[in-house]
Amino acid sequence: MVMNILENEAFSTFDIEMLHGDDISKVDVSADLKFSIVGPTIDERCGFCLEYLDGKTKVYRVEYDSTNFVLCINNTQIQINELPEFIKDEGWTNDSIIIDATSVNVVELLLLIDAFEKTDVRRFEVLYAEPKNYVPQGTRPRNRRDFKLSEKYDGYKGVPMFSKMTREADAKVFCCGYEAARIQNAIETLPIGTSDTYLLFGMPPFYVGWDMNAYYNHINFLVKENLHNISYCGATNPLSVMMRLLDIYKTLLPDQNMFIAPVGTKPMSLAVCLFLVKMASSNKCALLFDHPEKSAARSKEVGEVNLYRIQL
Amino acid sequence: MDDRDFARNRAEEYGYDVWESFIVPPFYREIESLRTNKPLIVEGGRGSGKTMLLRYWCHQTQFSESRTEIPDSALKKIGIYWKMDTQFAAFMLFRNYDEEIWNRAFSYWSVLTISLSILDSLKSVAMSHYPRFNKENLDEMRFSGLNGYDENIPESYNELIAYLTKRRQHFESWVNSIPSPPTFNFLPYEFIVDLANCIKKGHEVFKETVFDIFIDEYENLQVNQMHIINTRIKHSEIPIIYNVAMKRNALVTPETLGNESIVVVNDYRKIQLDELVEEHFKVFAPEIFLWKLKKDKEVPTLVEKEELFSYDDAVFEKRKSDKYRRDLGRCMNTIFPGMTEKEVAALMLEDSVFKNRIAAELRKKHIQDQDVETIMNSKPECVVVFPSLLERASFNLEDTLMELAKYNEGKKSKFDDIIHNSLFGCILYQYGSLNRTCPLYAGFGSFITMSKDNLRHFLELCYHSYLRKGQNDNVSIATQCITVKMVSEDMVSEIKSLGRRSNELYTFALRLGSLFETSRKKPSQSEPEQNQFNIVGPLQSNDTESLLRELVKWSVLYESKLTKQKADENGVEYLFNPIYAPYFGISYRKKRRVPFSLKDFEILAFGDELKYKSLVLRKTKFNGDEYSRERSLFDL
């Protein structure tokens, strides 16, 4: 139990077990799983996870439509408030579900976990396959840390149940990956200012040296905006991210809210989703997200595999 | 003073009170004459000073603690600045409700936000040095004309703020929840007007007050929300006037909620900041830098606070005079010295690397040693352009040497034109070949051209160069060159943060810049300094048109009327933002354009790498080997 680490009543029942291996066979995926939830297959590792899950489980493909604020599950449109009912109808229960966070996007992950919290699904697994390589944009040496991970963005836009009006005095937390421009865009287009801004870098990273890509892409922006509140949480360690988020939460003033932008690694985003769901009743935490359209073939080959066993 | 403070160049970095930082633009009279009680649309690209101007007009600045004397006239127009929370605004759509409900919700949100801002402005007045309205007066004010909307509306200032804040919280929760019918009534737009009238009646100093609402970043609103704001603009009248600020090309819809549209002159006046800034850029841009230098670094410069912050007609006249502009130029040239093309050519020939390289190029083309010596002993500018002439089909050694002799003797020669047309390109070619930063990017004049009409870019070049000058009085050319390249790289990288299609813009910029860079690598330099393009034939695709609009909106490209138009050519040309030139090692001067077919443009914008590569080869007439020759790791 991690309750002692996450010292807040909201996490009294929460637990997370983190397994890691260089192959999916080494992470001990539960044999009792019946349902898997996947997202769009955009690169090799998404295909790899799908291939593993398909056949063993009934596969649901989930995508969030940020224009119409609805979910599409296996091409059927579902209103967000109908998701708990859908879960019951489909017979999703404890220990029967695995979410492939490799392909499932952030908002989908958040809405699914929220719906689990609202139903009887208290235990589930999350799979995440790391990439072995990201593809740099262009072949020049000067572009070697420049990765095209997204095609375009729908722009920062609220997600039902996890939105608030931004105010400059609120705390802002950005999980940092390679796309510093997404943070810069938030600061420039939204009235959020830069005071009380916290940055979380994935350290240790997936591979030695990848953290340098993240720092290199952020450094000018950090200097320019005079941002000092930098923390390091393992790129594959949701618990460390949650602990840091809780630390920040504890510093909030009575009338101060906290906006969290999961624009870093997926395990960090998983932590943000878990945190937002568990802290929903505080009415002080909200999501900040720009809904990217991910680039096809953004990564190459499959790296290490992570499995998270979660109890809400 | 912290270097970071010195280098601040965005209005947002100064906060809402810019009283101590706002330099009155030399064109302020032109703007002021448009500021009547008719709505304004302030249009300007990034770095045009739009947000700074809006913040200057707003109550936080006009009733700043730093303003020691505030006349009664300051209360005639109280500015309210509203940078909308677009992530929340974008959220007010669909979700089981039709657009009409969301329109009312958005309108209600604007009523709450603007009302709270108006009330906040009263506090600014009360807490300021304005003598006729203070905290006690504010506490005594009664807002009794509003209880028709809700009998529970309190009358006192603080209670009214608490009431509206609570309403806003309820509204926030309602929008955030899975929609269920609201349990509260939406306050209509008229609430703001009645609030303003309450204030006018509440204290005599506000008797003639008009509240000017400035909505910044209008372009980020949803279309239905634009219709609502347009409706407010159309029906603006005293005491509430709506104004908006946006980037160029951003008024995507003039429609209102009714059948009418907003029309310039009839419904609003337009301030085109880009044009005004461009006209006065050579004065306004150095003024801002020199003032910052004086204020933050205590360096004596020729600008005086009394003049930069003055509204005196005589001062405006002085600031617009040729003499003042020349003086500013002289002062800036002292800090940021530059070099002419001929000076750079002379400098190159003092360097054995360039000298040997040029001589080798001549010998490679089988020029006899004796002739090589003659060429190498000619005027530096001729030496630098000579290798390019060898690559041209029409080259004749005998004739060229004759023309060279004439030029060396100071007689009229074909070299006059060749140097005029090709020297700049040949210098870039030579420096680029050695991966060296070129001195042509240094100097005040180059900074002005590279930043075009963008104050932020100009200041970025100046600040960062200045901060690297060390103990010297001026910034060395070498230091400027390094800084210019660094700033240019930052600006290219910044494209990735420009709006929703930023990654498409970034890819396009990298490709276009690389295409011009490849052209620059051509030894013949017969068409040097390519940095513009036009599209031949009509634009038939919506995708192309919308991407072009986006590129212009974010100033990746500058659009202008085609100077020499052929029958099948589209009437506009596009200049690649010259701030990106140093990154690609290309010219920042507006010189030559490349005609693209619509298909070429689509390949640049949306094509795969293979198609793009073949376009570059076709356009630059390079062969594959030459094209694939990349720079080394040291070019970073």
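The largest nonpolar core has 169 residues, and B:I427 and B:A509 have the most contacts inside it. A nonpolar core here is a set of buried Ala, Val, Leu, Ile, Met, Phe, Trp, Tyr and Cys residues joined through C-beta atoms within 7 Å. Helix α6 of chain B, residues 99–127, gives the most to this core, with eleven residues. Helices are DSSP runs of H or I, at least four residues, numbered from the N terminus. A second, separate core has 93 residues, among them A:C49, A:L83, A:F221 and A:A271.

On provenance: this is a predicted model, where local features need pLDDT of at least 70, side-chain atom pairs count only at pLDDT 80 or more, and totals for chains, interfaces and linings use all residues. Residues are numbered from 1 along each chain as its sequence is written, with chains lettered from A and ligands numbered from 1 in the order in which they are written.

Back to B:I427. Not counting residues up to four places away in sequence, B:I427 touches B:E341, B:V344, B:A345, B:V384, B:C438 and B:L440; contact means C-beta atoms, placed from the backbone, within 7 Å.

Next, domains, with bounds from an automatic or database assignment. In chain B, domain 2 is 278–335 + 441–489 and domain 3 is 341–434. The C-alpha centres of these two domains of chain B lie 35 Å apart.

Last, B:F186, in the loop between α8 (157–176) and α9 (190–202) of chain B. Beyond four places in sequence, B:F186 contacts B:R104, B:A105 and B:Y108.

Key: Buried ≥ 20, exposed ≤ 12 C-beta atoms within 10 Å, placed from the backbone. Helix = DSSP H or I, 4+ residues; strand = E, 2+ residues; numbered from the N terminus. Contact = placed C-beta atoms within 7 Å.
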